Amino acid sequence: MCGRYAASRRPEDLAGIFEIEKWEPKESLEPDYNVAPTKEVYAVLDRPLKDAEDPKPVRQLRTLKWGLVPSWSKTPEGGARMINARAETVHEKPSYRRAFGSRRCILPADGYYEWVTGKQERDLEAEGRKKRPRKQPYFVTPADGSVFAMAGLYEFWRDKTLPDDHPQAWWVTCSVITTEAETTPLAAAPADGPHALSDIHPRMPLMLTPDRWDAWLDPARTDPDELTSLLAPPPAGLMRAFPVSTAVSNVRNNGPELLKELEAPEEGTLF
């Protein structure tokens, strides 16, 4: 799954990486090292500009809310629960099917966090001793330092309780697509830690390699079979994972120190 990630790149940098044609400086976000559901996040998408005469899609960097609210929802309350869409069923689930057909996006990240129950804690559980498991967070990121381009969907929702000219009349929300975690060896596995992403969690965000960006973002591509083929996992061996401070477990903590690689998992959380 993807329940927390880091996104520190500036819009100027993202504009160069993704060949952005349009973005609003007033929508700029500060670097966020602990992105949680319902937060505002950057999304790359291809869409005609509002009120433009030319219907040609323009590549934009937009600020969306993480947690998809389907257009047909009566209220936005379920958005916080719809942060992930499964690649295996995204084409058929009512909440995601329409967005998958024409409203796809890329959510840029440095990488994502995932938590593993420490070995000592698992041993205590196996012995039947009552103890709340202590989990060690790991940060998963491209081994070459490139952007982690997560496949995503976005949707529009109209708050009918507000007038058309109200700034919050329209919500634009998004969801991260996940897939089965890789079972192949990590590019750089820690000596005392997981050797594959599947050792950390059975799911992972679907990372799109640059050769798929244009096709994924193109709203003219609507054929389900063609789109489904884009959901294939990336080549193996592109990722690394390393332990980070348990401070990231508190969403109130935020800063580059959360990405500092620990030499070993914290005491009591050894893998």
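## Around helix α1

The buried residues of α1 are covered by several elements, including β2 (22-23), β4 (40-47), β5 (58-66), β7 (104-109), β10 and α4 (213-217). Contact here means heavy atoms within 4.5 Å, and buried means under 20% relative accessible area, with exposed over 50% and partly exposed in between (1.4 Å probe, protein chains only). Helices (H or I, at least four residues) and strands (E, at least two) are DSSP runs, numbered from the N terminus.

Which residues of α1 are buried? In this helix, which spans residues 11-18, they are P11, L14, A15 and F18. They cover an arc of only 105° around the axis, so they lie on the same side of α1; the arc is that of the directions from the helix axis to the C-beta atoms. An α-helix has 3.6 residues a turn, so residues three or four places apart point the same way. After α1 comes E19, with a positive phi near 55°.

## About the model

This is a predicted model, in which local features need pLDDT of at least 70 and side-chain atom pairs count only at pLDDT 80 or more, while totals for chains, interfaces and linings use all residues. Residues are numbered from 1 along each chain as its sequence is written, and side-chain values use heavy atoms, leaving out hydrogens and water.

## Aromatic pairs

How many aromatic pairs does a search of the whole structure find? There are nine. Rings of Phe, Tyr and Trp (its six-membered ring) pair if their centres lie within 6.5 Å; planes under 30 degrees apart count as stacked, over 60 as edge-to-face and the rest as tilted.

Take Y113 and F139: their ring centres are 5.0 Å apart and their planes stand at 50°, so this pair is tilted. Y113 belongs to strand β8 (residues 111-117) and F139 to strand β9 (residues 135-142), so the pair ties together parts 26 residues apart in sequence. Y113 is buried at 0% relative accessibility, and F139 is buried at 3%. Both rings also belong to one aromatic cluster, formed by Y113, W115, F139 and F242.

W157 and W171 make an edge-to-face pair, because their planes are at 85°, with ring centres 5.7 Å apart. W157 sits in strand β10 (residues 148-158) and W171 in strand β11 (residues 170-180), 14 residues apart. W157 is buried at 3% relative accessibility, whereas W171 is partly exposed at 26%.

## Charges over rings

R104 lies over the face of W216, 5.7 Å from the ring centre. A charge sits over a ring if NZ of Lys or CZ of Arg is within 6 Å of the ring centre and within 35 degrees of the ring normal.
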